[in-house]
Amino acid sequence: MIIADYQFFNMLTQPVRKLRARVEVFDGSTLAIICGCHDRLKYFTVERLGDSSKFYGYGICHKLSAHLIDKDRELDITTANTLEVEFGVDYEYLYPFPNFYVTEVNRDENTNELSITAYDAIYKANNIKLPTAYTIGEFAEICAAAIGVPVDSNSLNIAAFNTVYSNGGNFNGSETVRAALDAVAEATQTIYYINHKWELVFK
């Protein structure tokens, strides 16, 4: 659960308040553009994608679909950009999601509206190969580092994460980090996701 500061909670419960949303576009670590609901942001949706056929042993990846107004074709958003989504009351903002990596940008040639698809860091794990010899906890940290996020330290307190694989896991070398994270979740009877602090969590 995201704990909002008391001042933010008070603002939410006021009889008169102005709710806001915005998408920040980053070029590397530099903030390039802020698209707010008062100017460029038309709407966005965030989905949590997981394997509904299993009780545990899978990950939940966030998917962002954002639609931006760009009638003068001023925005140049590519797969090199990352996005952050915020919600606010008046001018106080919360970041309830991890950052998103742009995978697709389409422009409507009639309206110039941009349609952007982006995923959190777990999506990148589909294209990264595996290491050998580790505990499950060390392996989880290696996988997290490969996709550029830390592991929530409380996640590794489960005893199953201390299991040692001196010759590596039962992998043939063709698996991706995403498949390995699924295997970690299977072995520890957890699911995994990235939280609003941009940490990989096993729960």
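Which helices each supply at least two residues of the lining of the second largest pocket? They are α2 (136–146) and α3 (177–188).

## Basis of the report

The structure is a predicted model, in which local features need pLDDT of at least 70, side-chain atom pairs count only at pLDDT 80 or more, and totals for chains, interfaces and linings use all residues. Residues are numbered from 1 along each chain as its sequence is written, and side-chain values use heavy atoms, with hydrogens and water left out.

Helices (H or I, at least four residues) and strands (E, at least two) are DSSP runs, numbered from the N terminus.

## The second largest pocket

The volume of the second largest pocket is about 150 Å³. A pocket is an open set of points on a 1 Å grid over the protein atoms alone, where a 1.4 Å probe fits, with protein on both sides within 12 Å along at least five of seven lines; lining residues have an atom within 4 Å of a point. Grid points are joined across faces, edges and corners, and the volume is the space filled by probe spheres set on the points.

The lining consists of Y134, I136, F139, Y165, G169, N170, F171, A183, V184 and A187. Its largest share, 3 residues, comes from α3. By class, the lining has 8 nonpolar residues, 2 polar and no charged; here Ala, Val, Leu, Ile, Met, Phe, Trp, Tyr, Cys and Pro count as nonpolar, Asp, Glu, Lys and Arg as charged, and the others, Gly among them, as polar.

## Helix α2

In α2, the buried residues (under 20% relative accessible area; exposed is over 50%, partly exposed in between; 1.4 Å probe, protein chains only) are I136, G137, F139, A140, C143 and A144. Seen down the axis of α2, these residues fall within an arc of 160 degrees, so they line one face of the helix; the arc is that of the directions from the helix axis to the C-beta atoms. An α-helix has 3.6 residues a turn, so residues three or four places apart point the same way.

The buried residues of α2 pack against β9 (134–135), β10 (164–165), α3 and β12 (200–202), contact meaning heavy atoms within 4.5 Å. After α2 comes G148, with a positive phi near 85 degrees.

## Strand β1 and its partners

Strand β1 (residues 19–27) is mostly covered, with 7 of its 9 residues buried. Strands pair if DSSP finds at least two bridges between them. β1 runs antiparallel to β5, joined by 9 bridges, and V23 stands opposite V85 in β5.

β1 is also antiparallel to β2 (residues 30–36), with 6 bridges; V25 has I33 in β2 as its bridge partner. These two strands form a hairpin with 2 residues between them, and G28 in the turn has a positive phi of about 70 degrees.

## Loop residues

Most residues other than glycine have a negative phi. R73, in the loop between β4 (58–68) and β5 (81–89), has a positive phi near 55 degrees. N112, in the loop between β7 (100–107) and β8 (114–119), has a positive phi of about 70 degrees. R73 counts as partly exposed because its relative accessibility is 44%, whereas N112 counts as buried because its value is 11%.

K124 is found in the loop between β8 and β9 and is partly exposed, with a relative accessible area of 30%. Not counting residues up to four places away in sequence, K124 touches Y101 and I147. K124 and Q189 are 65 residues apart in sequence and 23 Å apart in space, C-alpha to C-alpha.
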